[in-house]
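Please consult the sequence and structure shown here.

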Amino acid sequence: MTQQAPRYRPTLRAKFQAVIAGEIRLDRPDLQYGASRINNLSLSRCYVCAKFAVWVHDKLIFPPERQALPANDDLPEDVRRDYDEASRILNVSPRGAAALLRLAIQKICKLLGETGDNINDDIASLVAKGLSPLVQKSLDIVRVVGNEAVHPGVIDLNDDRETATKLFDLVNLIADQMITTPKKVGVLYESLPVAKKEAITQRDAKTLRSHSDWKTPAVTPPSLPSTDSDAGRAGATRHPSISAASFLHARSD
């Protein structure tokens, strides 16, 4: 029996090497019955939600670890699913994560009233509606728009973790500027007293009427010659935000 004992366990050196390497290993792999301790495979339980997590050595296997900031709360559920899935697979497949995030941006464009057929046109239209042009330039860099744009949902072999990480930020930026901020402003406006809102409506209507009735004489800006040339006539364009008197006063100064 003493001579057979080494057959039932690995040598200490092999065992320690396996543990240090993070391998999942049974203490007694040859046992057919009875309990055996498993090295480097662990369960933990959360004190808050009471759910279990599975660890291999020092790596969290389940639930999948999210590598990005949480999605904007105002994103619709289907876009949030794409965002969350991209976050879970970022370490395993950054190219897959980037493809999902481009698809999420296309869905946001449709949500905001765009066609979704051409993402270049959709983003340009959103910029005209208030989206920061810097966001548009950033989308060009990560190949969402521009000459090198990748079709939403298609995996680009040139994508890497850095590209995917930027796309996470851009999804949240677009949602914040075009969904969350207008929503907050709308809530603030609705909280105003009715009399205040009526006064604002009347003021805006009066401003529009005054602009439509206003006739500004054609004047030539100081930087252009006072002639009847095409350049002179082009400089005589009326500007509703500047009064003629103010403009002439500025010329005399």
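One aromatic pair is counted, where rings of Phe, Tyr and Trp (its six-membered ring) pair if their centres lie within 6.5 Å, with planes under 30 degrees apart counted as stacked, over 60 as edge-to-face and the rest as tilted. The model is predicted: local features need pLDDT of at least 70 and side-chain atom pairs pLDDT 80 or more, while totals for chains, interfaces and linings use all residues. Residues are numbered from 1 along each chain as its sequence is written, and side-chain values use heavy atoms, without hydrogens and water.

**Aromatic pair**
- The ring centres of Tyr83 and Phe168 are 5.1 Å apart and their planes stand at 75 degrees, so the pair is edge-to-face.
- Because Tyr83 belongs to helix α2 (residues 77–89) and Phe168 to helix α6 (residues 161–190), the pair ties together parts 85 residues apart in sequence; helices are DSSP runs (H or I, at least four residues), numbered from the N terminus.
- Tyr83 is buried, at 1% relative accessible area, and Phe168 is buried at 2% (buried: under 20%, 1.4 Å probe, protein chains only).

**Helix packing**
- Ile123, Ala124 and Val127 in α4 meet Pro133, Gln136 and Leu139 in α5.

Terms used: Helices (H or I, at least four residues) and strands (E, at least two) are DSSP runs, numbered from the N terminus. Buried means under 20% relative accessible area, exposed over 50%, partly exposed in between (1.4 Å probe, protein chains only). Contact means heavy atoms within 4.5 Å.
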